[in-house]
Amino acid sequence: MDTFRFLARRLLQGLAALLLIAVMNFLLVRAAPGDPATLLAGESGAADEVFLQQLRERFDLDRPLPQQLATYLGQLAQGDLGVSYRQQQPVIDLILDRLPATLLLTGTAFLLSLAIGVALGVWASVRAGTWKDSAISLFATVFYAMPVYWLALLAVLVFAVWLPWLPAFGYETVGGGHTGLARMLDIGRHLVLPAVVLAMFFMAVYARMTRASMLEVAGMDFVKTARAKGLPAGRVLRAHVLRNALLPVVTLAGLQAGAMVGGAVIIETVFAWPGIGRLLFDALQQRDYSLLLGTFLVTAALAVLFNIITDVAYTLVDPRIQLR
């Protein structure tokens, strides 16, 4: 029952946050320079004032800003994200078409970064002060400081150009005609480079955080007491040190899961990955207000969802924690 009340309260808080985010995004996007009607009319070759006015009326751009905002919020309340100015399709359909590719990319990168980063952090902490610890710290520092776009271009150069082992662009081989297992393997080959590059930065963060947290917990009195009682070193590490050290890592993972979806814009652009990050980049270039607002809102909704999942994950890592 407590869990149900907690989830209900967090969902209501999440909806309030999304409403505030939607209003802020709307005002910021409308404040940006440029007129989408001019852009659309220019491409059609009929950029006269009459045609411009027709476009503004068609997309409600000629109405006062408060009326536009009220209309937008009214559409959101009905689950309608509007129609893309450029593609003339419902925004929700465009996003749902791209969302699986983004979730596949970010989900794979998230699991890779969390599993390998935590394992490296634990391994480094139990060997603190040795050359192995120094090597992992150097690895984490290098990949933490390295710009993601530069790492992406380097990966393409090495693994797709010099060593043509993996495809550099796209979701699957164009015209490959693969079906079933062969198609899954083809998608997997295209997924390797973008997922690994996206995971490297977060992997370094998890390794540094886990190592620091493990060393801090290992020096606490209750751990010293457990060792003084003669408990095996492995049990002390698993039951006392690791369990408590993982709590800040879980917090970080929840925050970065949402950030990873938004941060996939660069990776999806470099690797031509057909996700909502690429869709957002195209909408930004084309001043497609409806599509831009829709992608922002869906990204924010995913971040809110990941935060709620993080709160629930606390109780799995440490059952002593109560959801309130």
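Biologist: Between which helices does the loop with Gly176 lie?

Modeller: This is a predicted model. In it, Gly176 lies in the loop between α7 (148-162) and α8 (180-218).

Biologist: Why is Gly176 called partly exposed?

Modeller: Its relative accessibility is 31%. Partly exposed covers what lies between the buried class, under 20%, and the exposed class, over 50%, so Gly176 counts as partly exposed.

Biologist: How far apart are Gly176 and Asp186 in sequence and in space?

Modeller: They are 10 residues apart in sequence, and their C-alpha atoms are 8.9 Å apart in space.

Biologist: What makes Thr106 count as buried?

Modeller: Thr106 belongs to helix α5, residues 91-125. Buried means under 20% relative accessible area; Thr106 has 6% and therefore counts as buried. Not counting residues up to four places away in sequence, Thr106 touches Leu198, Met260, Val261 and Ala264.

Biologist: Which backbone oxygen lies 2.7 Å from a polar atom of the side chain of Thr106?

Modeller: That oxygen belongs to Thr102. A polar contact requires N or O atoms within 3.5 Å, and the distance here is 2.7 Å.

Biologist: Why is Ile95 called buried?

Modeller: Ile95 is also placed in helix α5. Its relative accessible area is 1%, and the limit for buried is under 20%, so Ile95 is buried. Leaving out residues up to four places away in sequence, Ile95 touches Leu81, Ile276, Leu279, Gly294, Thr295 and Val298.

Biologist: How is the packing of α5 and α6 described?

Modeller: Two packed helices are described by the angle between their axes and the distance between the axes. For α5 and helix α6 (residues 131-145), the angle is about 145° and the axes are 8 Å apart. The crossing of α5 past α6 is left-handed.

Biologist: Which residues make the contact, and how do they divide?

Modeller: Leu120, Trp123 and Ala124 of α5 meet Lys132, Asp133, Ile136 and Phe139 of α6. These residues divide into 5 nonpolar, no polar and 2 charged.

Biologist: How many aromatic pairs does a search of the whole structure find?

Modeller: The search finds 6 aromatic pairs.

Biologist: What makes the pair of Phe26 and Tyr72 stacked?

Modeller: The ring centres are 5.4 Å apart and the planes make an angle of 25°. Centres must lie within 6.5 Å for a pair, and planes under 30 degrees apart count as stacked, so this pair is stacked. Phe26 lies in helix α1 (residues 2-31) and Tyr72 in helix α4 (residues 65-77), so the pair ties together parts that are 46 residues apart in sequence. Both Phe26 and Tyr72 are buried.

Biologist: Why is the pair of Phe159 and Trp165 called tilted?

Modeller: Its centres are 6.2 Å apart, with 45° between the planes. Stacked planes are under 30 degrees apart and edge-to-face planes over 60, the rest being tilted; the pair is therefore tilted.

Notes. Residues numbered from 1 in each chain as written. Predicted model: local features only at pLDDT ≥ 70, side-chain atom pairs only at ≥ 80, totals over all residues. Heavy atoms only, no water. Helix = DSSP H or I, 4+ residues; strand = E, 2+ residues; numbered from the N terminus. Buried < 20%, exposed > 50% of the residue type's maximum accessible area, 1.4 Å probe, protein only. Polar contact = N/O pair within 3.5 Å; in protein donor to acceptor, adjacent residues only side chain to side chain. Contact = heavy atoms within 4.5 Å. Axes fitted to C-alpha atoms, helices over the stretch in contact; angles between N-to-C directions. Left-handed = near helix turned anticlockwise from the far one by under 90°. Nonpolar A, V, L, I, M, F, W, Y, C, P; charged D, E, K, R; others polar.
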